[in-house]
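Keep the viewer open as you read.

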Amino acid sequence: MNKKIYFYRMLLSFALLMTIPTTFTHAKDYPVNQSDNTTVEIRIKEPVIGIEVLQSPDFGTHTVNKNEQLISSEKDLVIQVLDDDQLGNWKLNYDLSYFKLSNDTVLTKESTVTIQKGKLYGYDATGKLVYIKEQTSPLEGKGTLVENQSNDYTKYQYRVKKEAIEMLIPANPKVGDYVAIQTVILEATPNY
(Lines give C-alpha, C1' and ligand atoms only; values in the text may rest on other atoms or scores of the structure.)
Protein backbone atom coordinates (compact mmCIF):
# COMPACT_ATOMS: atom_id res chain seq x y z
CA MET A 1 0.00 0.00 0.00
CA ASN A 2 2.90 2.34 0.68
CA LYS A 3 4.04 1.80 -2.85
CA LYS A 4 0.67 2.95 -4.18
CA ILE A 5 0.65 6.08 -2.04
CA TYR A 6 4.24 6.83 -3.00
CA PHE A 7 3.36 6.39 -6.70
CA TYR A 8 0.32 8.74 -6.46
CA ARG A 9 2.33 11.36 -4.58
CA MET A 10 5.03 11.26 -7.23
CA LEU A 11 2.47 11.55 -10.04
CA LEU A 12 0.75 14.48 -8.30
CA SER A 13 4.09 16.24 -7.70
CA PHE A 14 5.05 15.78 -11.33
CA ALA A 15 1.68 17.13 -12.50
CA LEU A 16 2.06 20.18 -10.26
CA LEU A 17 5.58 20.85 -11.53
CA MET A 18 4.34 20.77 -15.10
CA THR A 19 1.70 23.44 -14.40
CA ILE A 20 4.14 25.97 -12.83
CA PRO A 21 5.41 28.40 -15.53
CA THR A 22 9.12 28.30 -16.20
CA THR A 23 10.89 31.49 -15.11
CA PHE A 24 14.36 30.65 -16.44
CA THR A 25 14.86 31.71 -20.06
CA HIS A 26 17.78 32.94 -22.07
CA ALA A 27 18.47 36.69 -22.22
CA LYS A 28 18.00 36.67 -25.98
CA ASP A 29 14.39 35.59 -25.50
CA TYR A 30 13.51 38.81 -23.63
CA PRO A 31 12.20 41.57 -25.86
CA VAL A 32 14.12 44.87 -25.79
CA ASN A 33 12.29 47.47 -23.75
CA GLN A 34 11.70 50.24 -26.28
CA SER A 35 11.47 52.85 -23.53
CA ASP A 36 15.20 52.41 -22.73
CA ASN A 37 16.15 54.45 -25.84
CA THR A 38 19.31 52.41 -26.20
CA THR A 39 20.87 53.17 -29.57
CA VAL A 40 23.84 52.02 -31.58
CA GLU A 41 25.61 54.56 -33.78
CA ILE A 42 27.74 53.29 -36.63
CA ARG A 43 29.90 55.82 -38.49
CA ILE A 44 32.79 55.86 -40.91
CA LYS A 45 35.41 58.46 -40.05
CA GLU A 46 37.45 59.92 -42.84
CA PRO A 47 41.04 60.42 -41.70
CA VAL A 48 42.45 63.93 -41.85
CA ILE A 49 45.58 63.28 -43.89
CA GLY A 50 46.82 64.81 -47.09
CA ILE A 51 49.62 66.42 -49.06
CA GLU A 52 49.94 70.02 -47.90
CA VAL A 53 52.92 71.20 -50.02
CA LEU A 54 54.39 69.75 -53.20
CA GLN A 55 57.49 71.28 -54.79
CA SER A 56 58.53 69.50 -57.99
CA PRO A 57 62.03 69.12 -59.40
CA ASP A 58 62.88 71.49 -62.26
CA PHE A 59 65.51 70.75 -64.87
CA GLY A 60 65.59 74.17 -66.54
CA THR A 61 66.68 74.94 -70.11
CA HIS A 62 69.66 73.30 -71.81
CA THR A 63 71.26 73.57 -75.25
CA VAL A 64 71.05 70.69 -77.69
CA ASN A 65 74.23 68.65 -77.51
CA LYS A 66 75.60 65.87 -79.72
CA ASN A 67 76.42 63.88 -76.55
CA GLU A 68 74.18 62.65 -73.76
CA GLN A 69 73.95 65.02 -70.81
CA LEU A 70 73.41 64.11 -67.18
CA ILE A 71 71.85 67.12 -65.48
CA SER A 72 70.74 67.79 -61.91
CA SER A 73 67.51 69.43 -60.87
CA GLU A 74 67.52 73.14 -60.08
CA LYS A 75 65.04 72.64 -57.20
CA ASP A 76 64.61 70.12 -54.37
CA LEU A 77 61.69 67.71 -54.38
CA VAL A 78 59.68 68.63 -51.27
CA ILE A 79 56.49 66.95 -50.11
CA GLN A 80 54.79 67.96 -46.86
CA VAL A 81 52.19 65.63 -45.37
CA LEU A 82 49.60 66.77 -42.85
CA ASP A 83 48.44 63.88 -40.62
CA ASP A 84 46.08 65.41 -38.05
CA ASP A 85 44.80 61.99 -36.96
CA GLN A 86 48.38 60.72 -36.47
CA LEU A 87 47.61 57.55 -38.43
CA GLY A 88 51.31 56.75 -38.66
CA ASN A 89 51.18 54.16 -41.45
CA TRP A 90 51.42 55.85 -44.82
CA LYS A 91 53.66 55.94 -47.86
CA LEU A 92 54.40 58.29 -50.73
CA ASN A 93 54.28 56.78 -54.22
CA TYR A 94 55.81 58.68 -57.12
CA ASP A 95 55.36 58.44 -60.87
CA LEU A 96 56.82 60.58 -63.63
CA SER A 97 55.55 60.21 -67.20
CA TYR A 98 57.76 60.44 -70.28
CA PHE A 99 58.88 63.94 -71.26
CA LYS A 100 56.89 64.95 -74.36
CA LEU A 101 56.62 67.86 -76.76
CA SER A 102 53.19 69.37 -77.39
CA ASN A 103 52.87 67.16 -80.50
CA ASP A 104 53.37 64.01 -78.34
CA THR A 105 56.99 63.51 -79.46
CA VAL A 106 58.69 61.65 -76.61
CA LEU A 107 62.17 62.83 -75.56
CA THR A 108 63.06 59.10 -75.53
CA LYS A 109 62.30 56.38 -73.09
CA GLU A 110 65.96 56.36 -72.10
CA SER A 111 65.73 59.90 -70.69
CA THR A 112 64.96 58.75 -67.18
CA VAL A 113 64.89 60.72 -63.97
CA THR A 114 66.73 59.15 -61.05
CA ILE A 115 65.79 60.23 -57.54
CA GLN A 116 68.47 59.34 -55.03
CA LYS A 117 67.80 58.87 -51.35
CA GLY A 118 65.62 61.49 -49.70
CA LYS A 119 64.96 62.09 -46.02
CA LEU A 120 61.75 62.10 -43.98
CA TYR A 121 61.37 64.58 -41.12
CA GLY A 122 58.65 65.32 -38.59
CA TYR A 123 57.81 68.77 -37.25
CA ASP A 124 58.01 68.88 -33.43
CA ALA A 125 55.80 71.08 -31.21
CA THR A 126 58.06 74.10 -31.80
CA GLY A 127 57.98 73.70 -35.60
CA LYS A 128 61.54 72.37 -35.78
CA LEU A 129 62.34 69.50 -38.19
CA VAL A 130 63.27 66.20 -36.54
CA TYR A 131 64.97 63.50 -38.67
CA ILE A 132 63.00 60.23 -38.87
CA LYS A 133 64.43 58.09 -41.67
CA GLU A 134 66.00 57.94 -45.11
CA GLN A 135 64.64 56.51 -48.36
CA THR A 136 65.98 52.97 -48.73
CA SER A 137 66.91 52.94 -52.43
CA PRO A 138 67.10 55.21 -55.50
CA LEU A 139 64.03 55.54 -57.68
CA GLU A 140 63.98 55.35 -61.49
CA GLY A 141 61.00 57.52 -62.42
CA LYS A 142 58.36 55.63 -60.42
CA GLY A 143 57.84 53.69 -57.21
CA THR A 144 57.66 54.26 -53.46
CA LEU A 145 59.65 57.25 -52.21
CA VAL A 146 59.26 56.57 -48.49
CA GLU A 147 57.15 54.59 -46.02
CA ASN A 148 56.30 55.99 -42.61
CA GLN A 149 55.33 54.04 -39.48
CA SER A 150 55.78 56.88 -36.98
CA ASN A 151 52.68 58.49 -35.49
CA ASP A 152 54.65 60.91 -33.30
CA TYR A 153 53.90 63.99 -35.43
CA THR A 154 51.01 65.62 -37.26
CA LYS A 155 53.16 67.23 -39.95
CA TYR A 156 55.96 65.62 -41.97
CA GLN A 157 58.36 66.72 -44.69
CA TYR A 158 59.99 64.47 -47.26
CA ARG A 159 62.91 66.14 -49.05
CA VAL A 160 65.30 65.10 -51.81
CA LYS A 161 68.10 67.61 -52.40
CA LYS A 162 68.33 68.96 -55.95
CA GLU A 163 71.81 67.47 -56.44
CA ALA A 164 70.31 64.00 -55.79
CA ILE A 165 67.77 64.29 -58.64
CA GLU A 166 69.30 63.62 -62.04
CA MET A 167 67.99 63.37 -65.58
CA LEU A 168 69.69 61.86 -68.61
CA ILE A 169 69.11 63.93 -71.76
CA PRO A 170 69.82 61.94 -74.92
CA ALA A 171 72.15 63.17 -77.66
CA ASN A 172 70.63 65.47 -80.29
CA PRO A 173 67.04 65.72 -79.02
CA LYS A 174 64.42 67.61 -81.04
CA VAL A 175 64.30 71.26 -80.07
CA GLY A 176 61.29 72.21 -77.95
CA ASP A 177 59.68 72.47 -74.53
CA TYR A 178 59.38 68.97 -73.05
CA VAL A 179 56.85 68.41 -70.28
CA ALA A 180 56.29 65.41 -68.00
CA ILE A 181 53.39 64.75 -65.67
CA GLN A 182 54.32 64.11 -62.05
CA THR A 183 51.96 62.05 -59.89
CA VAL A 184 52.38 61.80 -56.11
CA ILE A 185 50.03 59.48 -54.23
CA LEU A 186 49.73 59.46 -50.47
CA GLU A 187 48.57 56.00 -49.43
CA ALA A 188 47.37 55.86 -45.82
CA THR A 189 46.80 52.71 -43.79
CA PRO A 190 45.55 53.28 -40.24
CA ASN A 191 46.92 51.29 -37.30
CA TYR A 192 44.41 48.71 -36.06
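E4 and E12 run antiparallel and are joined by seven bridges. One of the residue pairs here is Asp95 with Thr183, its bridge partner in E12. As a predicted model, the structure is described here through computed values.

On to the other partner of E4: the pairing with E9 is also in the antiparallel sense, over six bridges. Within this pairing, Asn93 stands opposite Thr144 in E9, and Trp90 has Asn148 of E9 as its bridge partner. Put together, these pairings give an open sheet of three strands in the order E9-E4-E12, with antiparallel pairing. Which strands form the edges of this sheet? They are E9 and E12 (182-188), each of which pairs on one side only. Direction ignored, neighbouring strands of this sheet are turned by 20° against each other on average.

A second open sheet has five strands, in the order E1-E3-E10-E6-E7, and its pairing is antiparallel as well. E1 and E7 (129-134) have a single partner strand each, so one side of each is left without a neighbour in the sheet. The twist in this sheet averages 25° from one strand to the next. At one end of the order, E1 and E3 pair in the antiparallel sense over six bridges, and Val53 stands opposite Gln80 in E3. As a reminder, strands of a sheet pair through backbone hydrogen bonds, either parallel or antiparallel.

The residue pairs named so far can be laid out side by side:

| Residue | Facing residue | Strand of the facing residue |
|---|---|---|
| Trp90 | Asn148 | E9 |
| Asn93 | Thr144 | E9 |
| Asp95 | Thr183 | E12 |
| Val53 | Gln80 | E3 |

Now step back to the whole chain. It contains one helix and 12 strands, and from the N terminus on the elements run α-β-β-β-β-β-β-β-β-β-β-β-β. Among contacts between residues at least 6 apart in sequence, 76% join residues at least 24 apart. Of the 192 residues in the chain, 27% are buried. The accessible surface comes to about 14,000 Å², and 54% of that belongs to carbon and sulfur atoms.

What lies inside? The largest nonpolar core has 28 residues, and those touching the most other members are Leu92, Ile115 and Leu145. At least two residues of this core come from each of E3 (77-83), E4 (90-96), E5 (113-115), E9 (142-148), E10 (155-160) and E11 (165-169). E4 gives the most, with four residues. That strand is mostly covered, too: five of its seven residues are buried.

Leaving out residues up to four places away in sequence, Leu145 touches Leu77, Ile79, Leu92, Tyr94, Ile115, Gln135, Leu139 and Tyr158. Two of these, Leu92 and Ile115, are named with Leu145 as the core residues that touch the most other members.

Finally, three loop residues deserve a look. The side chain of Asp76 makes a polar contact of 2.7 Å with the side chain of Arg159. Beyond residues up to four places away in sequence, Asp76 touches Gln55, Ser56, Pro57, Arg159, Val160, Lys161, Lys162 and Ile165.

Gly60 belongs to the loop between E1 (49-55) and E2 (69-72). Gly60 has a relative accessible area of 38% and is therefore partly exposed. The C-alpha atoms of Gly60 and Ile71 are separated by 9.5 Å, and these residues are 11 apart along the chain.

Asn172 sits in the loop between E11 and E12. Although Asn172 is not a glycine, it has a positive phi of about 50°. Why does Asn172 count as exposed? Because its relative accessibility is 52%, and exposed means over 50%.

Note on methods. Residues numbered from 1 in each chain as written. Predicted model: local features only at pLDDT ≥ 70, side-chain atom pairs only at ≥ 80, totals over all residues. Heavy atoms only, no water. Core = buried A, V, L, I, M, F, W, Y, C linked by side-chain atoms within 4.5 Å. Buried < 20%, exposed > 50% of the residue type's maximum accessible area, 1.4 Å probe, protein only. Contact = heavy atoms within 4.5 Å. Pairing = 2+ DSSP bridges. Axes fitted to C-alpha atoms, helices over the stretch in contact; angles between N-to-C directions. Polar contact = N/O pair within 3.5 Å; in protein donor to acceptor, adjacent residues only side chain to side chain. Areas by Shrake-Rupley, 256 points an atom, 1.4 Å probe, with all protein chains shown as cover.
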